Amino acid sequence: MGIFKRLADLLKSNVNDLIDKAEDPEKMVKQIISDMQKELANSTQALGKAVASERMAEKRYKDSEVNAKNWELKAKAALQAGDTELAKKALANKVKADEDTESYKEMYETISSQTDAIRDQVEVLKAKLDEAKSRQAMLIARSQMAETQKNLAKSVGGFDPSSSIEKFNRMEEKIMRKEAEAEAFAEISGVAQYAEDDTFEKLQSDAKVDAELRRLMAEMGGTTEDETLNKATLEAGE
């Protein structure tokens, strides 16, 4: 059961990742604008066809009106000529033309109404598309800013301050240890140097004393220098 649950969680995670990638705000905004442009193009094409149908219906309506008037004129002409039967035939055609005119008028008005609705729709789509384009840059900028903030938040959330402080403390201890070692070596080096200097100073002082002793003995003309030195040495040994 545990294996199947882990597989299900893994598949669910992958699906969620795909959904997140598919719903990338920048891509979605561009896609929405692209869809709106296609819809506007289709609506504009439909409007063109509607306008063409409207003009055809209007032409039939107007032509039928003219036809009815012409048949009325012919009926009048027949009556003036005293031909009642011909006048009736002309009036029959006029009645038919009037019926056609009424039908074409109704058709024209219906198509005209539909054309106006499509025209309004196209204008609305144009306004929405213009608004979407004007907001596109702003929305993309906001999306990028939100993504940056999210990444920073993740970085801060994954930052372990206690672990970092411990690292600093260890580094500080190492540095303090090195400083202590350096001071110790400096002190040791200083003591050895001082002892060495004392030895040299004593040797120089003894030499000066011996020289003064020889000078005094020579002035006094007493015991020879070598005997005096030997005696002084023996006395110093005792």
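Which residue forms a salt bridge with Glu131? You are looking at a predicted model.

**Start with the whole chain**

Show the protein as a cartoon. It has 5 helices and 0 strands. Follow the elements from the N terminus and they run α-α-α-α-α. Now colour by accessibility. Of the 238 residues in the protein, 14% are buried.

**Select the core**

Pick the largest nonpolar core, which has 10 residues. H2 supplies the largest share, with 6 residues.

**Move along helix H2**

Stay on H2 and select Lys59 and Asp63. Their side chains meet in a salt bridge, 2.9 Å from N to O. Count along the helix between them. Lys59 and Asp63 are 4 residues apart in helix H2, so about one helical turn separates them. Now check how open each partner is. Lys59 has 54% relative accessibility, so Lys59 counts as exposed. Asp63 has a relative accessible area of 41%, so Asp63 is partly exposed.

Next, select Ala90, which lies in helix H3. Is Ala90 buried or exposed? Ala90 counts as buried because its relative accessibility is 4%, and the cut-off for buried is under 20%. Ala90 and Ala68 are 9.5 Å apart in space, C-alpha to C-alpha, and 22 residues apart in sequence.

Now select Lys94 and Asp98. Both lie in helix H3, 4 residues apart, about one turn of the helix. Compare the two partners. Lys94 is buried, with a relative accessible area of 17%. Asp98 is partly exposed, at 33% relative accessible area.

**Return to the opening question**

Continue along H3 and select Glu131. The partner is Arg135: Arg135 forms a salt bridge with Glu131, and their closest N and O atoms are 3.6 Å apart. Why are they about one helical turn apart? Arg135 and Glu131 sit 4 residues apart in helix H3, which means a separation of about one helical turn. Switch to a surface view here. Arg135 is partly exposed, with a relative accessible area of 38%. Glu131 is partly exposed too, with 43%.

Side chains of opposite charge can pair when their charged atoms come close. Across the protein, the count comes to 5 salt bridges. This tour has called at some of them, including Lys59 with Asp63 and Arg135 with Glu131.

**Finish on the charged patch**

Which residues gather in a patch of positive charge? Select Lys167, Arg170, Lys174, Arg177 and Lys178: they gather in such a patch on the surface. Zoom in on Lys167. Its place is in helix H4 (residues 161-220). Lys167 has a relative accessible area of 48%, so Lys167 is partly exposed.

**Look back**

First, the core to which H2 gives 6 residues. Third, the positive patch, with Lys167 among its residues.

Terms used: Residues are numbered from 1 along each chain as its sequence is written. This is a predicted model: local features need pLDDT of at least 70, side-chain atom pairs count only at pLDDT 80 or more; totals for chains, interfaces and linings use all residues. Side-chain values use heavy atoms; hydrogens and water are left out. Patches are made of residues with over 30% relative accessible area and no salt bridge: like charges are joined within 9 Å, nonpolar side chains (Val, Leu, Ile, Met, Phe, Trp, Tyr) within 5 Å. Accessible areas come from the Shrake-Rupley method with a 1.4 Å probe; for residues, only the protein chains shown count as cover. A salt bridge is a side-chain nitrogen of Lys or Arg within 4 Å of a carboxyl oxygen of Asp or Glu. Lys and Arg count as positive and Asp and Glu as negative; His and the chain ends are not counted. The place of a charge is taken as NZ of Lys, CZ of Arg, CG of Asp or CD of Glu. Helices (H or I, at least four residues) and strands (E, at least two) are DSSP runs, numbered from the N terminus. Buried means under 20% relative accessible area, exposed over 50%, partly exposed in between (1.4 Å probe, protein chains only). A nonpolar core is a set of buried Ala, Val, Leu, Ile, Met, Phe, Trp, Tyr and Cys residues joined through side-chain atoms within 4.5 Å.
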